[in-house]
Amino acid sequence: MAAARPVSIGRRAAGGDGPETPIPNGERNSTTGTAAGDVLPKTREGQLLDLQCPCPCAARQRVDAKSESGGMEDMTSREGRARDPELMTDRTRGENRGGDDRRRRLSLTVTLQFQAKTLALPGPSCLKHCGDVEIQYPFGVGDGCAMKGFELSCNNKDGRSILTVFGVIPVRKILLLDGQVRIMKHISSMFYNRSTKELEYSMWGKDLSGTPYTYSRKSNMFTVIGVNTFATMTDNVNVIFGCVSNSSAYSNLEAQDGKCVGAGCCQVALTRDMYNDGVDFSPLYNTTSYYTNRSATDRAEYQAYAVITETDAFQFKTTYLNTTAFLDEHDDGRVPAILNWEVGNETCDVATKKNNSYACLSTNSMCVNSSSGGYLCNCTKGYEGNPYLPDGCKDIDECAAKPPPCAGCKNTPGDYSCPGPRSLNIVALAVGSSIGVAIVVIAITCTYLIHERKKLDKIKRRYFQQHGGMLLLQEISLKQGTAFTIFTEAELIDATDKFDDRNILGRGGHGTVYKGKLKEGSLVAVKRCVSMTSEQQKKEFGKEMLILSQINHKNIVKLLGCCLEVEVPMLVYEFIPNGTLFQFIHGSNGCHNIPFSTRLHIAVESAAALAYLHSWASPPILHGDVKSSNILLDENYAAKISDFGASILAPTDESQFVTLVQGTCGYLDPEYMQTCQLTDKSDVYSFGVVLLELLTGKKAFNLNGPENERSLSLRFLCAMKEGRLMDIIDDRIKNEDDMGLLEEVAELASQCLEMVGESRPAMRDVAEKLDRLSKVMQHPWVPAQHHPEEMESLLEESSMVSLEMTGTGNFSMEKRIVLPSGR
């Protein structure tokens with residue numbers, strides 16, 4: 001059975017492009033004219049994320065949409081079952097034209113309506129139940145029965161009463177004090193139609209923007225079922241995560257009932273409470289081959305499914321992989337999911353000052369801040385009931401419990417009391433007791449402070465030893481003159497002004513980088529990491545940091561030291577002032593008219609640094625996240641590779657391979673995604689994408705673009721194949737004298753983007769070729785129109801001197817270090 005592997009797709013950099021703002025409930029879609037929540041099915045071309053496919057891209061067929069009465073459109077599966085109108089349409093070409101401003105105004109309108117909700121209290125005629133579901137205020141059915149934003153419907157279907165939200169999504173339970181609602185979520189699916197010999201899709205989703213609801217991070221999991229399936233999930237801005245499977249067994253894993261651990265089924269935790277759940281399947285992963293040469297009597301149904309589902313409600317079965325059992329077992333193709341909700345989008349400090357809109361109406365209620373920035377209500381201690389209704393919180397009679405808390409228990413409002421023994425000298429006893437208590441309190445306080453101080457020191461020593469601090473000290477003592485510093489936590493807190501947000505330089509998936517100033521006045525960049533999972537990584541962290549500190553190359557950011565006395569070590573780098581290459585090319589303050597000579601110079605220096613890490617460092621180092629935002633520019637705009645070793649150091653022996661692939665959309669090596677093995681050719685692929693950014697001035701991945709233009713590498717390879725290279729090259733660097741060089745660099749980039757890693761050139765060959773081309777530009781006596789063989793003969797002398805190591809100290813280790821950086 002195929003083994004499915006969860007894939008974590010790194011978030012896009014802040015300010016990156018994302019899908020258009022969703023249309024709020026109650027408004028009309030400016031493009032299609034359908035009501036919010038209506039089904040908007042569209043045929044679209046295959047979304048490829050970071051993966052490459054032959055050009056031109058094959059269009060994926062969608063199940064036809066049929067209109068029903070009332071202006072709503074409905075989606076029909078291949079069995080002909082009607083789907084409710086909660087589908088969120090895929091992002092297609094032309095969807096953004098003319099609608100951005102209107103959507104922003106609509107979204108703002110809904111937000112303001114939610115803030116200024118009216119607190120309509122339910123009357124005696126309001127429904128208390130719909131079917132077997134209890135309806136509790138602020139929820140309600142009908143006019144004047146619900147707080148604004150919490151309106152529900154009670155519909156009749158096949159003789160049963162069904163409670164729904166947004167008119168179509170069934171509600172199974174309202175968890176009032178938890179601030180949650182259990183709903184039934186449609187399952188998205190992909191299958192191969194043997195009649196039409198095409199892939200067909202049934203895609204479902206609901207945009208919750210502008211409502212009180214979000215998909216709960218703690219209670220749900222993104223679940224993908226299938227053989228040879230890759231599904232991803234996006235919110236309104238980012239590609240969040242996904243799951244990929246192979247058509248052959250991986251790591252000897254087999255699908256088993258009740259286990260969703262990577263074989264045939266995988267689950268990925270949500271990164272946060274989400275407003276949107278855009279599901280997508282990659283056409284590169286499908287079950288077409290399973291139907292090739294199958295007999296006509298073989299009725300196996302290989303389908304793929306993806307859905308947000310409540311974690312505790314899902315149980316995997318192997319029959320889901322080759323039958324339609326997963327859909328058949330769940331009523332109307334829906335599974336349980338949890339929505340969080342809040343009654344206001346301000347904190348308690350703000351809400352309690354707004355008497356006209358404050359939702360906690362019961363006398364014995366209190367305000368509780370929610371996880372998403374708003375607030376909920378609860379009854380105070382000793383009371384229970386509905387805090388959103390006047391006098392809704394009722395006193396709990398603790399003495400009615402069996403057995404009661406004490407003999408002679410007396411119930412009091414919010415509490416209870418027990419009678420105590422009588423005393424003949426209460427005053428004398430009280431005075432003596434007070435003096436004794438004071439002495440005891442002082443003694444306990446002093447003891448506690450001393451104990452806590454020792455405890456803190458003990459914890460710091462444990463962390464220091466746990467992260468290889470003793471081994472690091474030994475190595476430093478053996479290497480006299482080593483410029484590597486072990487910082488204390490107090491020093492870095494002081495340097496960053498207590499890690500003030502104003503000193504943040506950037507954020508990544510594994511940490512935050514702060515600007516700092518040491519006592520001697522030198523500027524540094526302090527990376528505060530967030531996780532380190534492997535015990536082996538913790539033990540060898542200090543020694544590997546010392547190895548990295550010996551890397552002394554002019555185009556690599558220098559690691560100055562680290563702090564080991566905290567739970568997750570902090571890293572200290574030299575400070576680079578001019579930002580990233582991504583900002584230089586794409587930023588609003590960037591230099592958009594960058595000449596080709598400058599771009600080529602940056603490419604040469606970046607390639608030289610990577611070649612040094614691959615071929616001259618001891619042991620060799622793999623970067624793992626080469627991208628334009630990880631290439632910094634100093635005061636002279638010289639390129640410096642950063643973020644190698646910035647997160648987790650991990651050996652590449654097979655015992656350490658995991659099913660969690662980490663990377664950045666647009667730069668990920670497709671071979672790495674399938675094998676989960678990071679190689680030097682993975683860095684070569686990512687560097688090829690950086691070359692494309694320099695040649696075209698376009699971003700590596702653009703979710704807002706047309707379907708076939710989202711992946712820059714795919715668009716480039718298609719243009720190369722069709723002989724349209726100059727159509728994609730940046731107009732600002734097109735020069736008749738440089739055409740030959742542009743074609744040479746483009747050809748080199750296409751070699752780096754080969755699908756098979758073995759077919760890609762080594763990084764040192766890439767750097768050497770770029771250095772030769774750079775020297776051609778520097779010598780006007782070399783005609784640009786020379787053939788590549790003539791250029792090489794004119795510059796026969798090797799140009800790899802710049803790649804030689806300029807540092808002195810190196811350690812030899814029997815393993816290879818893989819440094820996947822913070823995303």
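Me: How far apart are the sulfur atoms of Cys360 and Cys377?
Reply: This is a predicted model, in which local features need pLDDT of at least 70, side-chain atom pairs count only at pLDDT 80 or more, and totals for chains, interfaces and linings use all residues. Residues are numbered from 1 along each chain as its sequence is written, and side-chain values use heavy atoms, with hydrogens and water left out. A disulfide is a pair of cysteine sulfur atoms within 2.5 Å. Cys360 and Cys377 form one, with a sulfur separation of 1.9 Å.

Me: Which parts does the pair of Cys360 and Cys377 tie together?
Reply: The S-S torsion of this link is -90 degrees, and the link is left-handed. Helices (H or I, at least four residues) and strands (E, at least two) are DSSP runs, numbered from the N terminus. Cys377 sits in strand E25 (residues 375–379), so the pair ties parts 17 residues apart in sequence, Cys360 being in the loop between helix H3 (348–351) and strand E24 (365–369).

Me: Is Cys418 buried, partly exposed or exposed?
Reply: Buried means under 20% relative accessible area, exposed over 50%, and partly exposed in between (1.4 Å probe, protein chains only). Cys418 is joined to Cys406 by a disulfide, S to S 1.7 Å. Cys406 has 17% relative accessibility and therefore counts as buried. Cys418 has a relative accessible area of 39%, so Cys418 is partly exposed.

Me: What is the handedness of the disulfide of Cys126 and Cys145?
Reply: The sulfur atoms of Cys126 and Cys145 are 2.0 Å apart, and both residues are buried. The torsion about their S-S bond is about -85 degrees, so the disulfide is left-handed.

Me: How many disulfides does the rule count?
Reply: A disulfide is a covalent bond between the sulfur atoms of two cysteines. The pair Cys406 and Cys418 is one of them, with an S-S torsion of about -95 degrees. By the distance rule, the count of disulfides comes to 8.

Me: Why does Lys527 count as buried?
Reply: UniProt, in an unreviewed entry, places the feature "binding site" at Lys527; positions there follow the numbering used here, feature names are shortened, and annotations may be inferred rather than shown by experiment. Lys527 is found in strand E33 (residues 523–529). Lys527 counts as buried because its relative accessibility is 2%.
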